[in-house]
Amino acid sequence: MTQRLFLPLVVAATVVFAVAPLLIAWAPYESTMGLVQKIFYFHMPSWAAMFVSALVCGVASAFFLFKGHATGDRIAAAAAELAVVFGLIGLVTGPLWARKAWGVWWQWDARLTMALVLWMIFISYLLLREYGGPGSEKLAAGVALFGMANVPFVYWSVNVWRTVHPTTNVVPTLVPGMRIALWWSLAGFLLLYTTTMMARVRLESQRASLDRLYRDLDD
Amino acid sequence: MKRFLRVALLIMRKDLTVEARSRELLLTTLFFAVSAVLVFAFGFVRDGRPVENAAAGILWIAIAFAGTLALGRTFERERYHDVLHALLLAPVDRPAIYVGKLLGILVLLGTVEIVVVPLVALLFQAPLLRQPLLIVTLLAFGTVGFAAVGTLFAAMLIRARSRDVLLPVLLYPLTIPVIIAGVRGTAALLQPEADIAMARAWIGMLGFFDVVFITLSLWTFEPVMTE
């Protein structure tokens, strides 16, 4: 089922990404920030993909830890890697925009801090899986679960500080040209996320079945 | 419930007895915390005067560093003598083992703090003892939060490779809320005019963090420790 869907999804993602620059170019200029505002069309969708991935990783880890589903572990591993990749895109595009809009590369703002901490938790997750040796999947699942539980606390603890990041209320106020470009890019990033996720989970399952075959051969 | 508490207290007593005989962890952790504070003193004291508002941060960083060291060493000792394996084989509730280990760590860290807090107050001219009750509550809640997450991860890592470096790598991002709340709460109390309401808000947040993470740890200890 997922294999049959894979090719159409790849095609759709490619088409959406090919058209996205045109829509972004056609979208009207923002009156104060000008050209640099256009980073937003890639910045917000990449963080959206990152948060979806983080959520997938947390839920899949819980399934693996409490129900013992091996598939949960494969999905969690794939989701953690993608969370780091999409988070990196967000962390690179953000400061580029902030330098122009706020005059600084980085602000210790609630959203920025929370995003950075979450990103670091996923890096530690990957480090544990990579260097923890056998049996580290279970420990990693614990990290993912604690990482998810941590998000509201980090957000709460930095929210008392002055916030400068635009809130989600910005989205409905966008003029139609900007809104279309944003939703289009968001669709593109989520399609890209879905396809890479499918490929990555498949790779994990293939690896697992190869291991199984080797073990059967040894027995 | 009574049995649960008895097991937890027995495990704590075992840890404290071992520690009382060797004093290895207490002395090394304590000396480490003091050296860390001194290193910060050289970094943050200029022209004989401490940099303003540095005390709160230094105190909490010293606690976090010393805590990581103590957690790593406690479980290294268990691993070396294969004690944790034996404990997990015992017909007792697994979460009781976790609570016992956590209590042992808390006693150790509490002792370290008794020395480190006055030292920071002394070296950085910080009025840390002006609001003793609030400072003690902040330290207690913060230490419980840090140790609750730390005990679970140190116990988990006992089976992992490169656990020495993985413990801080996992622990610091996860305990950032504790560090933020601890530093901000302490800083609020150290201002010329202590901000009691702010400190109370941070204590409340730490209490909430403790409840959530202890519950989560009790809940996950069993599945992560089962091979």
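Reader: Hi! Is B:Q125 buried or exposed?
Author: B:Q125 is exposed, at a relative accessible area of 54%. Over 50% counts as exposed, under 20% as buried and anything in between as partly exposed, using a 1.4 Å probe and protein chains only. Before we go on: this is a predicted model, where local features need pLDDT of at least 70, side-chain atom pairs count only at pLDDT 80 or more, and totals for chains, interfaces and linings use all residues, while side-chain values use heavy atoms, with hydrogens and water left out. Residues are numbered from 1 along each chain as its sequence is written, and chains are lettered from A and ligands numbered from 1 in the order in which they are written.

Reader: Thanks! Where is B:Q125 found in chain B?
Author: B:Q125 is in the loop that joins α5 (94-123) to α6 (132-156) of chain B. The helices here are DSSP runs of H or I with at least four residues, strands are runs of E with at least two, and both are numbered from the N terminus.

Reader: And what is phi of B:Q125 near?
Author: Phi of B:Q125 is near 50°, which is positive although the residue is not a glycine. B:R23 is another non-glycine with a positive phi, of about 55°. B:R23 also sits in a loop, the one between α1 (2-22) and α2 (24-44) of chain B, and it is partly exposed at 45% relative accessible area.

Reader: Nice pair. Switching to helices: where is B:G207 found?
Author: B:G207 belongs to helix α9 of chain B, residues 196-225. B:G207 is buried, with a relative accessible area of 15%.

Reader: What about B:L69, in which helix does it lie?
Author: B:L69 lies in α3 of chain B, residues 55-80. With a relative accessible area of 34%, B:L69 is partly exposed. B:L69 and B:G204 are 135 residues apart along the chain, and 27 Å separates their C-alpha atoms.

Reader: On to chain A. How many helices and strands are there?
Author: Chain A has 6 helices and 0 strands, and from the N terminus the order reads α-α-α-α-α-α. Its C-alpha trace spans about 70 × 40 × 25 Å along the principal axes. Of its 219 residues, 45% are buried.

Reader: Last topic, pockets! How much space lies in the largest pocket?
Author: The largest pocket holds about 820 Å³. On a 1 Å grid over the protein atoms alone, a pocket is an open set of points with protein on both sides within 12 Å along at least five of seven lines, and lining residues have an atom within 4 Å of a point. The volume is the space filled by probe spheres (1.4 Å probe) set on points that are joined across faces, edges and corners.

Reader: Which residues lie nearest its centre?
Author: A:H43, A:M44, A:R111, A:H165 and A:P166 do, out of 32 lining residues. Helices α2 (40-67), α3 (70-101) and α4 (110-131) of chain A each supply at least two residues of that lining.
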